[in-house]
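Thanks for coming. I will go through one structure this morning, starting with charge pairs and ending with the backbone.

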Amino acid sequence: MGGLSARADRRGVVPRTREVIAERVDRVADGVVSLVLVTPDGSPFQPWEPGAHIDVHLGGQYVRQYSLCSSPKDLSHLRVAVLDVPGSRGGSRWIHRNVRPGDTLEISEPRNNFPVRDSRKYLFLAGGIGITPIIPMIERAAEAGRDWRLVYGGRSRAGMAFAERLVDEYGDRVDIVAEDERGRMDLAGVLAMPRAHMLVYACGPGGMLSAVEELCMGWPPGSLHTERFAATALGPGSVAEPFEVELARSGKTVSVPTDRTILEAVEDVGVRVLSSCRQGLCGTCETPVVSGEPEHRDAVLTQDDQDTGATMMICVSRAAAGCGRLVLDL
Amino acid sequence: MTIAPAEGVVTLPDDPFSPANIAEPYPMLTRLREAGPVTWLEKCGAYAVAGFEEVYEVLTDFETYCSSGGLGPRDIRQDAGWRPPSILESDPPIHTVMRRALTGVINPATVRPLRERFTGPAEEIADELVARREFDVVKDLAEKYPLRVFPDAVGIPQEGRENLLPYGNMVFNAFGPQNEIFDLAFAHADEHSAAILRNCARENLDDTGFGARVWDRVRDGLITAEQAALLVRALLSAGVDTTVFGIGNTLACLARTPRAWAALREDPSLAKFAVDEALRLESPFQKFHRTTTAPGVLGGVRIPAGAKVLLFIGAANRDPRKWGANADTYDLDRQASGHVAFGMGLHQCVGQPIARLEIELVLKALAARVDTIELAGEPVPLTHNVLRGFASLPVRVTPRS
């Protein structure tokens with residue numbers, strides 16, 4: 001098959017990319033387009049599981065991750081939905097401006113950082129475009145006859161992709177909370193009462209997920225599963241503290257000022273690290289930590305991995321408060 | 001007991017709280033497991049659940065098998081308990097608020113910095129013990145180390161710490177019947193309770209420990225002052241005895257399994273696996289009750305509403321259907337994760353990262369200094385209603401050359 005290219009990353013894994021055709025480009029809500037992607041020869045895609053995403057390589061400039069929101073049972077196409085974020089770093093804007101039906105795009109095979117565990121009950125929480133990975137999860141739960149509920153929040157109904165379709169298909173199980181009609185999602189109310197055997201899957205902006213994380217501390221350990229659709233923006237707390245990074249293998253030490261990432265600082269001194277999204281979403285720049293305590297800001301590592309602190313995504317993660325020096329295996 | 005079992009349930013005469021079954025629980029636990037997924041214990045007036053699958057089901061279905069009835073044989077909602085209910089004895093939504101407060105204070109991120117603080121004392125004690133060649137694991141190590149590091153981490157004053165072990169002894173024994181063991185534990189109950197509760201007050205806690213952080217949640221508006229005091233009390237009662245027993249039981253396993261000790265000595269990074277496997281095989285918290293909120297079916301057996309269910313953690317963690325034919329042996333290569341020694345679900349132990357850290361550090365300190373460890377006498381099992389451990393565990397060690 002033409003269009004396959006390969007490039008080994010630092011762990012020796014070869015991420016495969018392939019060319020696909022944007023068969024349809026539809027506006028599905030204010031500021032949101034849906035891309036239906038097919039293979040050039042009409043062959044089916046590899047099987048994937050709910051929660052999976054693809055990397056989309058955009059015009060040789062950007063690589064962005066988008067959750068799949070088509071049905072994993074229908075491998076004839078993949079669908080992603082892209083929110084045009086004004087003032088973003090350009091990936092979504094590029095798609096909105098440039099991708100037209102019939103265009104060719106380069107994508108990775110589906111990968112899954114947000115897999116769904118089987119359980120008897122589910123509570124799905126979606127904020128804005130965070131609905132995308134949830135859609136195949138709902139399909140799976142509904143088919144398996146599981147008890148589930150979706151609370152889907154957004155600023156206004158017009159901007160909430162797939163809201164109408166979800167209500168049509170699933171009725172009462174779907175609770176659409178448009179801020180201009182009902183105010184914000186009442187997360188405290190929704191999460192006040194833990195239910196036995198109920199897992200919580202949440203995707204949305206950082207602020208929403210932080211609130212969900214805090215509220216779920218009263219739930220059984222392991223109940224909550226989240227995916228941030230954008231890595232936590234560097235907050236004011238972090239920009240206050242510069243720190244040093246010692247590169248154990250190359251014997252160099254670099255300072256990471258408040259306005260640079262570790263990755264940028266490392267590249268500045270000529271040490272090469274393979275990276276892709278530079279947003280803490282793809283896992284390509286994963287780096288072993290020899291010593292020091294990272295503050296993880298990625299959306300890739302599991303909570304356990306983050307707790308262990310053996311590796312970190314140096315494109316977004318930094319040294320923890322009070323840890324002035326990280327030693328990395330670079 | 002006037003309560004009759006549901007129809008068709010196998011009735012057993014065993015008394016899990018008899019001194020013989022406490023000293024050597026495993027033959028009885030095997031009988032319970034093999035008699036059926038749920039059996040009726042005549043002497044207890046409770047349903048016994050001893051298989052891994054069923055124990056797991058009860059632990060995770062906190063709606064059907066509630067905790068607010070208490071972890072003991074009496075329903076503390078009808079028959080007031082001996083103290084205000086703790087987080088262990090609560091259900092959502094009250095539990096949810098308290099759990100949030102506690103999880104916000106004790107979690108892997110807040111426990112990680114303790115590693116450094118807890119290492120020195122472990123090494124000091126190990127130095128001293130290895131120099132002696134023979135010592136009692138329980139008195140000289142297991143009871144010493146947690147008391148040296150944990151109360152400081154919570155931030156309680158020095159004064160009154162002698163009440164911690166006797167108080168924990170009361171709390172856990174009260175999860176069993178009011179027998180002689182219970183009476184003995186409660187001989188000076190008021191004195192111990194008062195001393196512990198004094199230590200839980202904000203003004204008696206230092207500003208840096210977990211206790212003060214719990215009280216911060218009152219300021220945040222999450223919990224009441226009374227709840228804060230009860231949460232600090234929960235830390236003190238749940239965080240000492242269990243760890244003492246965990247250390248003793250782990251070393252008992254290793255002293256009896258020279259091959260496992262040799263492997264640990266060669267590769268101290270195995271310590272955390274050694275801990276997990278010991279917690280599975282000799283689970284410190286062996287059994288406690290739940291109360292049913294509705295009639296239901298467990299393992300094909302009907303259980304009515306309002307019944308007491310006695311959960312045998314120690315049996316579940318040795319269930320051959322889950323752990324294989326060698327479930328009764330200490331196997332350092334086993335994948336022991338998934339055991340229910342810390343519970344499971346809503347009430348899973350919040351302090352588990354601290355307990356694991358303490359036991360791991362003790363093992364690492366010893367592994368660095370000890371070539372061989374063996375029993376220097378017969379271990380003396382402790383007579384305790386629900387905890388499994390030793391009153392004495394004499395060992396002999398040879399130092400590493």
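Is Arg297(A) buried or exposed? Arg297(A) counts as buried, at 7% relative accessibility. Buried here means under 20% relative accessible area, exposed means over 50%, and partly exposed is what lies in between, with a 1.4 Å probe and protein chains only.

Some bookkeeping before I go on. This is a predicted model, in which local features need pLDDT of at least 70 and side-chain atom pairs count only at pLDDT 80 or more, while totals for chains, interfaces and linings use all residues. Residues are numbered from 1 along each chain as its sequence is written, chains are lettered from A and ligands numbered from 1 in the order in which they are written, and side-chain values use heavy atoms, with hydrogens and water left out.

Back to Arg297(A). Its side chain meets that of Glu295(A) in a salt bridge, at 3.1 Å from N to O. The term salt bridge means a side-chain nitrogen of Lys or Arg within 4 Å of a carboxyl oxygen of Asp or Glu. Glu295(A) is partly exposed, with a relative accessible area of 34%. Over all chains, the count comes to 48 salt bridges.

Another pair is Arg140(A) with Glu49(A), where the closest N and O atoms are 3.1 Å apart. This one links distant parts of the chain: Arg140(A) is in helix α2 (residues 131-143) of chain A, Glu49(A) is in the loop between β3 (32-38) and β4 (52-58) of chain A, and the two are 91 residues apart. Helices (H or I, at least four residues) and strands (E, at least two) are DSSP runs, numbered from the N terminus. Arg140(A) is partly exposed at 38% relative accessible area, and Glu49(A) is partly exposed at 45%.

Which residue of chain B does Glu214(A) bridge to? The partner is Arg217(B), with the closest N and O atoms 3.0 Å apart. That pair crosses between chains, from helix α6 (residues 206-215) of chain A to helix α12 (residues 210-219) of chain B. Glu214(A) is partly exposed, with a relative accessible area of 25%, whereas Arg217(B) is buried at 13%. Both belong to a network of salt bridges that also links Arg100(B) and Asp220(B).

Glu159(B), Glu162(B), Asp190(B) and Glu191(B) form a negative surface patch. Patches are made of residues with over 30% relative accessible area and no salt bridge, where like charges are joined within 9 Å and nonpolar side chains (Val, Leu, Ile, Met, Phe, Trp, Tyr) within 5 Å. Asp190(B) is in helix α11 (residues 189-199) of chain B, and is exposed at 67% relative accessible area.

Helix α3 (residues 52-60) of chain B is mostly covered, with seven of its nine residues buried. Among them are Glu54(B) and Glu57(B), along with Phe52(B) and Leu59(B).

Now the strands of chain B. Two strands pair if DSSP finds at least two bridges between them. Strand β13 (residues 394-399) pairs in the antiparallel sense with strand β5 (residues 134-136), over three bridges. There, Glu134(B) stands opposite Arg396(B). Strand β10 (residues 370-375) also pairs with β13(B) in the antiparallel sense, over five bridges, and Val370(B) has Pro399(B) as its bridge partner.

Last, the backbone. Where is the cis peptide bond? The bond runs from Pro92(B) to Pro93(B), with omega near 5°. Pro93(B) is in the loop between β4 (65-66) and α4 (94-105) of chain B.

Two residues other than glycine have a positive phi to mention. In Phe162(A), phi is near 65°. Phe162(A) lies in the loop between β10 (147-154) and α3 (163-170) of chain A, and is buried, with a relative accessible area of 9%. In Arg133(B), phi is near 70°. Arg133(B) is in the loop between α6 (114-132) and β5 of chain B, and is partly exposed at 45%.

One loop residue remains. Leu301(A) sits between β17 (294-295) and α9 (303-308) of chain A, and counts as buried at 11% relative accessibility. Between Leu301(A) and Ser43(A) there are 258 residues of sequence separation and 33 Å in space, C-alpha to C-alpha.

Note on methods. Accessible areas come from the Shrake-Rupley method with a 1.4 Å probe; for residues, only the protein chains shown count as cover. Lys and Arg count as positive and Asp and Glu as negative; His and the chain ends are not counted. The place of a charge is taken as NZ of Lys, CZ of Arg, CG of Asp or CD of Glu.
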